[in-house]
Amino acid sequence: DLRRARMKQLAFRLENFMEDGDARLGIGVVEELLELYDSEELNPKDMRFIMASKAFELALREGNMEEASRWANKAAVFAEVCRGPGSEDVRRFRQYATEPSSHPSQQGMDVQGALFG
């Protein structure tokens, strides 16, 4: 089906944006992927968490703290569904939603594994 092929293509493109691409375009890719999940009636909760996490990271890179907070909140909601309400990911992303600047990338720290520690 064309939509599922498009999802694969977008997932590949997103990885390029995560490396060094335009953050705004990368967030658009995440939004399109989430819309395709909805239109295909797919409910990959873990993938939704990962997509929202990536959009959070891209918004941070762009310097848009309001959007970063919005995506961190979505990531926390998705993490609660797929990993449980007491998970470390829920706690961490709730903190980022409240204070995006608390993310290690905003404090000049090494961020290797910071999102999915």
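F17 sits in helix α1, where helices are DSSP runs of H or I with at least four residues, strands are DSSP runs of E with at least two, and both are numbered from the N terminus. At 11% relative accessibility, F17 counts as buried, a word that stands for under 20% relative accessible area, while exposed stands for over 50% and partly exposed for what falls in between, with a 1.4 Å probe and protein chains only. The model is predicted, so local features need pLDDT of at least 70 and side-chain atom pairs count only at pLDDT 80 or more, whereas totals for chains, interfaces and linings use all residues. Residues are numbered from 1 along each chain as its sequence is written, and side-chain values use heavy atoms, with hydrogens and water left out.

**F17 and K54**

- Not counting residues up to four places away in sequence, F17 touches D22, L25, G26, V29, L58 and R61, where contact means heavy atoms within 4.5 Å.
- K54 belongs to helix α3, and with a relative accessible area of 12% K54 is buried.
- When residues up to four places away in sequence are not counted, K54 touches L14, E15 and M18.
- Between F17 and K54 there are 37 residues of separation in sequence and 9.8 Å in space, taken from C-alpha to C-alpha.

**The chain as a whole**

- The chain has 5 helices and 0 strands, and along the sequence its pattern reads α-α-α-α-α.
- The radius of gyration of the chain is 14 Å, close to the 13 Å that the globule rule gives for 117 residues, so the chain is as compact as a globular protein of that length; this radius is taken over C-alpha atoms, and the rule is 2.2 Å times the number of residues to the power 0.38.
- The C-alpha trace spans about 45 × 30 × 25 Å along its principal axes, and 41% of the 117 residues count as buried.
- Of the contacts in the chain with a separation of 6 or more, 57% are accounted for by residues 24 or more positions apart.
- The accessible surface of the chain comes to about 6,500 Å², with 50% of that belonging to carbon and sulfur atoms; such areas come from the Shrake-Rupley method with a 1.4 Å probe, and for residues only the protein chains shown count as cover.

**The nonpolar core**

- The largest nonpolar core holds 33 residues, of which L14, M51, F56, W71 and F93 touch the most other members; a core of this kind is a set of buried Ala, Val, Leu, Ile, Met, Phe, Trp, Tyr and Cys residues joined through side-chain atoms within 4.5 Å.
- At least two residues of this core come from each of α1 (2–19), α2, α3, α4 and α5, and α3 gives the most, with 9 residues.
- Leaving aside neighbours within four places in sequence, L14 is in contact with G26, V29, V30, L33, M51, K54 and L58.

- The 17 residues of α2 should span 24 Å at 1.5 Å a residue, and its end C-alpha atoms are 24 Å apart, which agrees; the expected span of a helix is 1.5 Å times one less than its number of residues.
- A23, G26, I27, V29, V30, L33, L34, L36 and Y37 are the buried residues of α2, and they pack against α1, α3 and α4.
- At the start of α2, a side-chain oxygen of D22 reaches to within 2.9 Å of the backbone nitrogen of R24.
- Just after α2, E41 takes a positive phi of about 55°.
- E40 lies in the loop between α2 and α3 and is buried, with a relative accessible area of 14%.
- Apart from neighbours within four places in sequence, E40 is in contact with D1, R3, R4 and M7.

**Helix α4**

- Helix α4 covers residues 65–83, and its 19 residues reach 25 Å from the first C-alpha to the last, close to the 27 Å expected.
- The buried residues in α4 include E67, W71 and F78, and the buried residues of this helix pack against α2 (23–39), α3 (45–62) and α5 (88–98).
- At the start of α4, a side-chain oxygen of N64 comes to within 3.3 Å of the backbone nitrogen of E66, and after the helix follows G84, whose phi is positive, near 100°.

How values were computed
Polar contact = N/O pair within 3.5 Å; in protein donor to acceptor, adjacent residues only side chain to side chain.
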